[in-house]
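Colleague: I have the chain open on my screen. Can you walk me through its fold, one point at a time?

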Amino acid sequence: MTPTPPSSASASAFAAVDLGATSGRVILGHVGPDTLDLTEVHRFPNTPVRLPDGLRWDVLSLFQGVLDGLREAARSGGVASIGVDTWAVDYGLLDADGALLGHPYHYRDDRTDGAAERVWAAVSRQELYGVTGLQHLPFNTVFQLASTEGTVQRDVARTLLLVPDLVIHWLTGSIGAEETNASTTGLLDARTGTWSQDLLRRLSLDPALFPPLRAPGDPAGALLPHVAAYTGLDPRTPVTTVASHDTASAVAAVPATEPGFAYISCGTWSLAGLELDAPVLSEASRAANFTNERGVDGTVRYLRNIMGLWLLEECRRTWDGQGLPTHIPTLLAEAARAEPFASVVDPDAPEFLAPGDMPARIRASCARTGQRVPGSQGAVVRCVLESLALAHRRTLRQAAALAGRDVTRIHLVGGGARNDLLCRLTADATGLPVVAGPTEATALGNILVQARAAGLVGDLADMRRLIASTQPLRSYTPGGDSAAWDAAAARLDSAPRNP
């Protein structure tokens, strides 16, 4: 039964629990006919832990951060609803008593090496794409599950919960699978939006592992008594299902008021693509490695994952350990002065996926491909940002061709919207105007789905109009030397691949 929300007039704020790859936050959003204000009430680190059996998420520490954040939200006033979004693909397994069977693995753990081949032995990659429409990434949930075959944990597991569903379970006791995140598993039918029973059977996966699906806006339950007691929130406070894949929430917050837009949700990853009404499941789409993931209101997020600002953040982490400067404005200023197009890399090359000495890997890639090896920090950053801009260009042009769409402008949302140089380079590389912002797109999408469930805003178009009229945005007009971008792209396309 849907809980009756608190009736207090002060219960006007919506709490977004937003868990990212490096930190988690609880953000309060106040929504009105012409207002949309956000306040971050608590931030906490998300630090993975390497154990003898692999790289794991410290979900207990994360959940404690969620509880502390909700307590701060309660101290700030009434909370009308709570929504949870996180990254995709990773999951926890529960036993028959509902206990978590170990900390969830991190998607960057190498346990999935060779797992795809085991899956493809049962279901060819063409068949798998024809059902799920999912981009091949070595850490997709389907491959993670293949790597657990024959383990004790897998044998005793009774329920699989993706990370946001696990957090909701711990808040409310309810069991469910939100559909935008479920669409990243490689087990959801892209046409029907339901778990593919045929795939589960052929991959020897127990259908009972996979909970009933929920849509953004559905009620997920009220707070458990001990959660309400710790946080100080009214025990009737509802948890509302939002687009729990953080990219789905971010795309819902794209401030597009006209058709013909593409989007880039830019942070640790760059998710670049189009919003469609139906999936593109062609062989050409599979070969180009595009994904069809679900969005709000049955939309399809047709996109490709690009290794985003992870490259820059790993460079900074390495430099920090070496005692070198890591101040972002300083690094970007140095990059702006560095020689353009001295060297470019493929951000999605496998050697850039795992944590490690990223500057050394970038230099090694440049040396291997016969390009100038960047020496200074500014030159490395310039290489990273021009390489990302080229990846944005290549991906959006392919998406438009495969979907048969014309693109007239790009909306770049998320933390990358703060990076003035990246936004300018993306406009120059693509030859399209770029609208940058909002930076807090994920939290805004989370909060507006909650507000819509409460009857405060209308459809997806209304949500976007409210964002466009209330949030700070910056516009970039393409310029620069288009021939130089063409030459850099050709150089990258002809470079030898890592064996």
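Modeller: Start with a definition: a residue is buried when its relative accessible area is under 20%. Keep in mind that this is a predicted model.

Colleague: Which residues of α16 are buried?

Modeller: Helix α16 covers residues 420-430 and is mostly covered. Nine of its 11 residues are buried. By name they are Leu-421, Leu-422, Cys-423, Leu-425, Thr-426, Ala-427, Asp-428, Ala-429 and Thr-430.

Colleague: How do α15 and α16 lie to each other, parallel, perpendicular or oblique?

Modeller: Their axes are 9 Å apart, and the packing angle is about 45 degrees. Roughly parallel needs an angle under 35 degrees, and roughly perpendicular needs 65 to 115. The pair is therefore oblique.

Colleague: How many charged residues are in the contact of α15 with α16?

Modeller: On the α15 side are Arg-382, Leu-385, Glu-386, Leu-388, Ala-389, His-392, Arg-393 and Arg-397. They meet Leu-421, Leu-422, Leu-425, Thr-426, Ala-429 and Thr-430 of α16. By class, seven are nonpolar and three polar, and the charged ones number four.

Colleague: Which strands are at the edges of the seven-stranded open sheet?

Modeller: The strand order is β15-β16-β14-β13-β17-β18-β19, with mixed pairing. An edge strand pairs on one side only. That holds for β15 (291-294) and β19 (474-476).

Colleague: In which sense do β14 and β16 pair, parallel or antiparallel?

Modeller: Strand β14 spans residues 269-276, and β16 spans residues 300-307. Eight bridges join them. One of the bridge pairs is Gly-273 with Leu-303 of β16. The sense is antiparallel.

Colleague: Which strands of the sheet does α15 touch?

Modeller: Helix α15 runs over residues 377-403 and packs on the sheet. Its direction makes about 155 degrees with that of β16. The strands touched are β13 (261-266), β14, β16 and β17 (409-413).

Colleague: How does α17 lie to α18, oblique or perpendicular?

Modeller: The axes of α17 (residues 441-453) and α18 (residues 460-470) come within 11 Å and cross at roughly 130 degrees. Roughly perpendicular stops at 115, and roughly antiparallel needs over 145. That makes the pair oblique.

Colleague: Which residues does the cis peptide bond join?

Modeller: Look in the loop between β18 (434-436) and α17, the place of Pro-438. Omega of the bond is about 0 degrees. The bond joins Gly-437 and Pro-438.

Colleague: How many residues lie between β2 and β3 in their hairpin?

Modeller: Strands β2 (residues 23-31) and β3 (residues 36-45) run antiparallel, joined by nine bridges. Val-26 has His-42 of β3 as its bridge partner. The residues between the strands number four.

Colleague: Is Val-89 buried or exposed?

Modeller: Val-89 lies in the loop between β6 (79-85) and β7 (91-94). Its phi is positive, about 70 degrees, although it is not a glycine. Its relative accessibility is 6%, so Val-89 counts as buried.

Colleague: And is Ser-204 buried or exposed?

Modeller: Ser-204 is found in the loop between α8 (197-202) and β10 (213-214). Its phi is also a positive value, near 55 degrees. With a relative accessible area of 56%, Ser-204 is exposed.

Conventions
Residues are numbered from 1 along each chain as its sequence is written. This is a predicted model: local features need pLDDT of at least 70, side-chain atom pairs count only at pLDDT 80 or more; totals for chains, interfaces and linings use all residues. Side-chain values use heavy atoms; hydrogens and water are left out. Two strands pair if DSSP finds at least two bridges between them. Helices (H or I, at least four residues) and strands (E, at least two) are DSSP runs, numbered from the N terminus. Contact means heavy atoms within 4.5 Å. Axes are lines fitted to C-alpha atoms, for helices over the stretch in contact, and angles run from 0 to 180 degrees between N-to-C directions. Buried means under 20% relative accessible area, exposed over 50%, partly exposed in between (1.4 Å probe, protein chains only). Ala, Val, Leu, Ile, Met, Phe, Trp, Tyr, Cys and Pro count as nonpolar, Asp, Glu, Lys and Arg as charged, and the others, Gly among them, as polar.
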